[in-house]
Amino acid sequence: SSDDSMANKTSIEKVTENCNAIFYTHYHGDHVDLFKYVPDTVEQYIGCVAKEVMQCKCNWLSKIKNNPPITTNDLDKLASFKTFKILQKVPIGNDIIVIPFMVNHSAGDAYMFLIEAGEKRVLHTGDFREHGYTSKIIETIEKYVIKQPIDVLITEGTMLSRMKEEVPSERNLMIKAEALMSEKKYVFVLCSSTDIDRLATFYNASINRKRSFLCDKYQKEVLDIFSKNNGQRSHFFNFKNVYPYIHGYAEQFNTIKNKGFCMLVRHKHIQQINELLLELPEKDVYFIYSMWHGYLKGENEKQEYLDLWNLFDYEHKEKLHTSGHASPSTLAKVCNLINPTTAIIPIHSEFSENFTKLDIKEELKERIVLDSCIRNNIQFIINGKH
């Protein structure tokens with residue numbers, strides 16, 4: 001993570017001593033942001049589309065004046081990333097094979113990895129879920145993974161902190177978004193700029209209601225990447241009718257005012273939104289907040305999201321979101337299906353102990369590893385938060 005005490009070149013160089021390669025499950029910042037500190041001697045791997053999205057984002061970040069978070073050297077390092085394809089056997093060193101399988105997450109081109117080393121087999125799920133548009137993790141595990149026993153399962157547990165939270169499907173969100181667009185002519189949306197499922201949710205709802213779909217130039221580049229790589233396989237992810245919004249362009253404004261629109265926005269657009277609100281009928285305006293609710297209050301509060309939320313009156317806004325992570329029931333299903341012989345290691349969670357509360361077999365609960373130990377001649381070293 002880029003916000004802890006190890007987020008520096010010296011620490012990363014120490015961590016990667018004797019390391020041959022790093023595999024990234026997807027491009028979210030809490031997974032990849034420290035790539036620039038990795039020594040050049042360590043190969044870095046990521047999915048082909050994920051690399052394109054990272055390069056797009058980093059190119060834009062490098063253009064920030066005065067103190068850009070990404071430098072030319074960082075862009076060169078990113079360009080050197082190696083990529084892989086689904087089911088490709090990637091050899092590392094003399095005795096390790098890594099096999100990637102695609103999963104559904106709130107990021108396009110996300111993967112889990114099967115790692116084979118000698119006679120040992122480890123499955124790292126990465127971040128995943130079962131309620132997105134392309135969720136086939138159970139079928140993938142059944143078809144490719146459990147033909148031979150898995151020794152160790154390393155799996156995310158983000159939703160363990162919210163065990164009883166409702167987890168609607170992405171398709172359910174699209175139905176609700178389309179219903180809102182039937183009632184409201186001018187809809188502003190705050191969502192992740194790289195969440196292909198969520199972008200498809202609002203894009204397809206907008207197209208179905210015959211609204212203009214608008215965004216800024218950066219977002220358009222990201223959508224073009226998704227269209228190029230995913231749109232051929234499914235029209236649902238072909239964002240071909242997307243228009244960059246040009247503030248102050250009278251002809252475009254007249255068109256979208258007559259037709260109605262769905263506009264993707266961020267904090268940098270606040271002044272433009274304020275000026276648009278003066279020109280649009282208040283009763284036809286709506287704001288959809290489609291991010292994690294925790295960003296609006298408490299210790300994870302983000303002021304830029306609050307500013308956007310507070311622009312709109314109570315009756316003209318709504319939270320419409322679902323998690324990018326596996327629900328407790330899905331975690332249990334995966335654990336029971338994998339049935340690892342030696343250990344389950346929870347990661348990506350501050351409530352890893354809640355794995356024992358999942359509906360999994362009792363013998364699996366005994367295999368949960370939260371602290372350093374030795375089991376079946378395998379040494380487990382657990383450092384810091386799980």
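Helix α10, which covers residues 270-279 in a numbering that runs from 1 along each chain as its sequence is written, has Ile270, Ile273 and Leu276 as its buried residues, where buried means under 20% relative accessible area, exposed over 50% and partly exposed in between, with a 1.4 Å probe and protein chains only. Seen down the axis of α10, these residues fall within an arc of 120°, so they line one face of the helix; the arc is that of the directions from the helix axis to the C-beta atoms. An α-helix has 3.6 residues a turn, so residues three or four places apart point the same way. On the other side of α10, Gln271 and Leu278 are exposed. The buried residues of α10 pack against β9 (186-191), α9 (250-259), β12 (261-264) and α11 (303-309), contact meaning heavy atoms within 4.5 Å. Helices (H or I, at least four residues) and strands (E, at least two) are DSSP runs, numbered from the N terminus.

The model is predicted, so that local features need pLDDT of at least 70 and side-chain atom pairs count only at pLDDT 80 or more, while totals for chains, interfaces and linings use all residues, and side-chain values use heavy atoms, with hydrogens and water left out.

Helix α7 (residues 196-208) is largely enclosed by the rest of the structure, because 11 of its 13 residues are buried; among them are Arg198, Phe202, Tyr203 and Asn204. At 1.5 Å a residue, the 13 residues of α7 should span 18 Å, which agrees with the 18 Å between its end C-alpha atoms, the expected span being 1.5 Å times one less than the number of residues.

Helices α5 (residues 137-145) and α12 (residues 328-338) pack at an angle of about 10°, with their axes 11 Å apart. Axes are lines fitted to C-alpha atoms, for helices over the stretch in contact, and angles run from 0 to 180 degrees between N-to-C directions. The two helices α5 and α12 are therefore roughly parallel to each other, a term for angles under 35 degrees. In this packing, Ile138, Ile141, Glu142 and Val145 of α5 meet Lys333, Val334, Leu337 and Ile338 of α12. By class, the contact has six nonpolar, no polar and two charged residues, with Ala, Val, Leu, Ile, Met, Phe, Trp, Tyr, Cys and Pro counted as nonpolar, Asp, Glu, Lys and Arg as charged, and the others, Gly among them, as polar.

Conventions:
Parallel < 35°, antiparallel > 145°, perpendicular 65-115°, else oblique.
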